[in-house]
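Morning, everyone. Please bring the chain up on your screens, and we will walk through a few places in it.

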Amino acid sequence: MSLPRSPTAARLSTAIAATGALAMLLAGCGSDDSAGNAMRRGGGAAPVLTETVSLGAVTDEYIALATARANEAIDVTPRISSVVSAIHFDEGQAVQMDEVLVELDSREIRADLDLAEANLRERRSRYGRLETLAASQVVSEVELEEIQAQLQVAEAQVNSARARLEDTVIRAPFSGTVGLRRISIGGLVQPNTVITTLDDIGVMKLEFSVPEEYLAVVREGLDIEASGAAFPGRMFDGAVISVDSRIDPMTRSLAVVAELPNEDRALKPGMFLQVVIARRREDVVLAAEAALVPRQGRQYVFVVDDGRALEREVKLGSRTPGAVEIVNGLEAGEEIVTQGVQRLRDGLPVRMANAPSRSGAPGAAASQPQ
């Protein structure tokens with residue numbers, strides 16, 4: 001059970017509460033006046049260190065995502081429908097141009113060729129006889145022209161049969177490496193049947209896109225370096241061999257093809273690689289990174305003008321170690337605060353601690369901002 005408080009105790013409690021509120025108010029006033037105290041300690045102006053905004057060069061790097069593909073690549077398919085009679089390659093084997101890969105059953109086609117050749121011989125013999133009779137005008141010119149046309153048809157039939165016979169032997173159209181075998185001896189193949197794949201991977205091609213602002217940088221013959229997750233720490237050197245003549249209006253990017261030597265066959269078609277494209281720009285406005293004051297997603301700096309720190313919003317570009325590109329908001333030659341920005345407000349008087357002393361006394365030590 002609580003006891004009733006005396007009037008004296010109540011007055012004492014009220015006095016203590018009032019004293020605490022007064023102390024808090026005085027503490028708040030002292031905190032708000034910290035900048036003014038700093039000014040009085042610095043002789044009326046806050047000491048700061050500044051640097052001059054300058055012009056310099058920056059190198060932009062764009063990482064393009066590239067897909068590797070073989071220099072030449074095809075699906076090996078037959079031109080005719082027939083039965084596989086022989087296979088002359090192993091999976092993953094390196095083959096040379098015109099090397100035989102597969103043979104198809106050619107018995108029926110050879111019979112057709114023999115028949116066409118026999119017909120051709122008969123037509124030639126008949127044409128020879130009629131040509132002799134035409135010289136003595138026993139055979140008319142019309143009859144001679146008819147048998148000559150038949151002779152040409154017979155020659156075409158022979159050529160057609162020979163072509164079909166050649167199609168029964170499937171050869172490598174270029175040197176490369178064959179892939180997995182997808183047929184078996186005795187199997188029926190048709191023109192849309194994939195027998196295997198053939199890739200020339202001695203040289204690899206990279207296809208990637210770069211933003212249109214790199215149009216002046218990317219050109220045929222430009223040296224590049226590519227890297228991939230499959231080979232950490234290894235760089236593959238190559239050069240650009242082709243640049244598209246058009247910019248994609250949707251992505252505002254430019255298609256590029258580069259070529260990489262691949263003597264050790266480390267790269268495979270379809271691999272994912274990264275290509276770094278560098279662009280150097282001159283006469284760029286650069287400011288010290290320490291001068292930036294971030295606030296609510298924006299960047300500000302304090303420009304020293306007529307002894308006062310003026311807050312100014314800036315737009316940033318590329319960054320380099322210790323410096324940053326200023327796209328908008330500053331000009332070369334302006335002085336900006338790099339140290340002591342924490343206690344500055346817009347329009348506050350400042351004293352550049354890195355400037356010579358007004359008294360001109362040699363050896364005067366510059367005061368460092370706290």
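Let me begin with a question: in which loop does Asp 105 lie? Asp 105 sits in the loop between β5 and α3. Keep in mind that this is a predicted model. So, buried, partly exposed or exposed: which is Asp 105? Asp 105 is partly exposed, because its relative accessibility is 26%, and the buried class ends under 20%.

What does Asp 105 touch, once neighbours within four places in sequence are set aside? Its contacts are Ser 82, Val 83, Ser 85 and Thr 168. There is also a C-alpha distance to note. Asp 105 and Gly 186 are 81 residues apart in sequence, and their C-alpha atoms are 9.0 Å apart.

Now step back to the whole chain. How many helices and strands does the protein chain have? The count is four helices and 19 strands. The chain has 370 residues, and 34% of them count as buried. Its accessible surface is about 22700 Å². Carbon and sulfur atoms hold 51% of that surface. Take the contacts in the chain with a separation of 6 or more: 74% of them come from residues 24 or more positions apart.

How confident is the predictor? The average pLDDT of the protein chain is 83, and 82% of the residues score at least 70. Residues 1-36 have a pLDDT below 50, and this stretch makes six contacts in the model beyond near neighbours in sequence. At residues 356-370 the pLDDT is again below 50, with 14 contacts beyond near neighbours in sequence.

Next, the second largest pocket. What is its volume? The second largest pocket has about 260 Å³. Which strands each supply at least two residues of its lining? Those are β2, residues 54-76, and β6, residues 169-171. The lining includes Ile 74, Asp 75 and Val 76, along with Val 169, Ile 170 and Arg 171. Also among the lining residues are Thr 77, Pro 78, Arg 79, Glu 166, Asp 167 and Pro 173. By class, that lining has six nonpolar, five charged and one polar.

Asp 98 is not a glycine, yet its phi is positive, about 75°. Where is Asp 98? Asp 98 is in the loop between β4 (94-95) and β5 (100-104). At 48% relative accessibility, Asp 98 is partly exposed.

Then Asp 306. Its phi is also positive, about 55°, and Asp 306 is not a glycine either. Asp 306 is placed in the loop between β15 (298-305) and β16 (308-320). Its relative accessibility is 75%, so Asp 306 counts as exposed.

Further along is Asp 346. Which loop holds Asp 346? The loop between β18 (335-339) and β19 (348-352) does. Asp 346 is exposed, because its relative accessible area is 53% and the exposed class is over 50%. Asp 346 still has contacts: Phe 302, Ala 309, Leu 310 and Glu 311, not counting residues up to four places away in sequence. Take Leu 310 from that set. Asp 346 and Leu 310 are 36 residues apart in sequence, but 5.0 Å apart in space, C-alpha to C-alpha.

Asp 264 comes next. It is in the loop between β12 (253-261) and β13 (272-288). Asp 264 has a relative accessible area of 47%, so it is partly exposed.

Last stop, a helix. Which helix contains Leu 133? Leu 133 is in α3, residues 107-135. Leu 133 and Leu 144 are 11 residues apart in sequence and 9.4 Å apart in space, C-alpha to C-alpha.

Technical notes
Residues are numbered from 1 along each chain as its sequence is written. This is a predicted model: local features need pLDDT of at least 70, side-chain atom pairs count only at pLDDT 80 or more; totals for chains, interfaces and linings use all residues. Side-chain values use heavy atoms; hydrogens and water are left out. Buried means under 20% relative accessible area, exposed over 50%, partly exposed in between (1.4 Å probe, protein chains only). Contact means heavy atoms within 4.5 Å. Accessible areas come from the Shrake-Rupley method with a 1.4 Å probe; for residues, only the protein chains shown count as cover. On a 1 Å grid over the protein atoms alone, a cavity is a set of points where a 1.4 Å probe fits but cannot get out, and a pocket is an open set with protein on both sides within 12 Å along at least five of seven lines; lining residues have an atom within 4 Å of a point. Grid points are joined across faces, edges and corners, and a volume is the space filled by probe spheres set on the points. Ala, Val, Leu, Ile, Met, Phe, Trp, Tyr, Cys and Pro count as nonpolar, Asp, Glu, Lys and Arg as charged, and the others, Gly among them, as polar. pLDDT is the predictor's confidence in each residue, from 0 to 100.
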